[in-house]
Amino acid sequence: MSTATVKACSLGRNIYLNVHSFGRAIALFMMLWGCTAPGFNASNLTWKTYINTRYNFEFPYPSNWNALPPPENNDGIVFVSPQDESVKIRSWASNQLPESFNPDQNAKITVNPNFQNAQGISGVMVVEVGQKESSMTLTITQGQIKYYWRGQSQSQDFTDYYHLFYYIAQQYKVPKQ
């Protein structure tokens, strides 16, 4: 193989990789741009409220969604859309180990809050867009308890559920400290 052929193949591969990455960036932009479009009206739905008695968190969910059997330890719940079982809303909480039990106290990760619920409590919201599945996850830390809420769907449907998920995350409540 000549040097020119190798350079051409290398150039072609680089163009493919850049176009492929650019295409994924455009797809992500289009998906998130579609998520900001108006169209979700919470008053058009009938709501119920899930209340977790173990960790005292609560959030609204559409009244026609079905609850999966809760875990025996009562740390959370999963609700499934009646139209599509791949669309789920889940929430759970867990106790964190005190720092004195952490064998590697030098490995601390600091994450700055980027979200605030209607209650005024800050947390971290992460939106993950995958090839097959996408999700929105809220994490709130209060003392020794971490609270999690997640909405997930197939990636091609994520823009249809983004506003619903965001609304529920905003309404998520935890005990104030």
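1. The chain contains two helices and nine strands, where helices (H or I, at least four residues) and strands (E, at least two) are DSSP runs numbered from the N terminus. From the N terminus on, the elements follow the order α-β-β-β-β-β-β-β-β-β-α. The model is predicted: local features need pLDDT of at least 70 and side-chain atom pairs count only at pLDDT 80 or more, while totals for chains, interfaces and linings use all residues. Residues are numbered from 1 along each chain as its sequence is written, and side-chain values use heavy atoms, with hydrogens and water left out.

2. The pLDDT is the predictor's confidence in each residue, on a scale from 0 to 100. Its mean over the chain is 81, and 69% of the residues reach 70 or more. Over residues 14–22 the pLDDT is below 50, and this stretch has zero contacts in the model beyond near neighbours in sequence; a contact means heavy atoms within 4.5 Å. Residues 25–38 also have pLDDT below 50, with 13 contacts in the model beyond near neighbours in sequence.

3. Two totals describe the chain as a whole. Of its 177 residues, 32% count as buried; buried means under 20% relative accessible area, exposed means over 50%, and partly exposed lies in between, with a 1.4 Å probe and protein chains only. Among the contacts with a separation of 6 or more, 49% are between residues 24 or more positions apart.

4. Strand β1 (residues 47–51) pairs with β2 in the antiparallel sense over five bridges; two strands pair if DSSP finds at least two bridges between them. Within this pairing, Tyr50 stands opposite Phe59 in β2. Six residues lie between the two strands of the hairpin, and Asn56 takes a positive phi near 60 degrees. Four of the five residues of β2 are buried, so this strand is largely enclosed by the rest of the structure.

5. Strands of a sheet pair through backbone hydrogen bonds, either parallel or antiparallel. Here, an open sheet of seven strands has the order β3-β4-β5-β9-β8-β7-β6, with antiparallel pairing. The edge strands, β3 (66–67) and β6 (115–116), each pair on one side only. Strand β6 joins β7 (residues 122–129) through two antiparallel bridges, and Phe115 stands opposite Gly123 in β7. Helix α2 packs on the sheet, touching β5, β6, β7, β8 and β9, and its direction makes about 160 degrees with that of β9; such angles run from 0 to 180 degrees between N-to-C directions, and axes are lines fitted to C-alpha atoms, for helices over the stretch in contact.

6. Strand β9 has β5 and β8 as its neighbours in the sheet order. Antiparallel pairing links β5 and β9 over eight bridges, with Ser91 opposite Trp149 in β9. Ten bridges join β8 to β9, also in the antiparallel sense, and Ser135 stands opposite Gln152 in β9. Strands β8 and β9 form a hairpin with two residues between them, and Gly143 in the turn has a positive phi of about 60 degrees. Seven of the ten residues of β9 are buried, and the strand is mostly covered.

7. Which residues have the most contacts inside the largest nonpolar core? They are Phe57, Phe59, Tyr147, Trp149, Phe165 and Tyr172, in a core of 29 residues. The elements that give two or more residues to this core are β2 (58–62), β4 (76–80), β5 (88–95), β8 (133–142), β9 (145–154) and α2 (158–171). The largest share, seven residues, comes from α2. A nonpolar core is a set of buried Ala, Val, Leu, Ile, Met, Phe, Trp, Tyr and Cys residues joined through side-chain atoms within 4.5 Å. In soluble globular proteins, nonpolar side chains tend to be buried together.

8. Helix α2 has as its buried residues Phe158, Tyr161, Tyr162, Leu164, Phe165, Ile168 and Ala169. Not counting residues up to four places away in sequence, Phe165 touches several residues, including Val87, Ile89, Met136 and Trp149.

9. Is Gln142 buried or exposed? Gln142 counts as buried because its relative accessibility is 14%. Gln142 and Ile121 are 21 residues apart in sequence and 9.3 Å apart in space, C-alpha to C-alpha. Beyond residues up to four places away in sequence, Gln142 touches Ile121, Tyr147, Val174, Pro175, Lys176 and Gln177.
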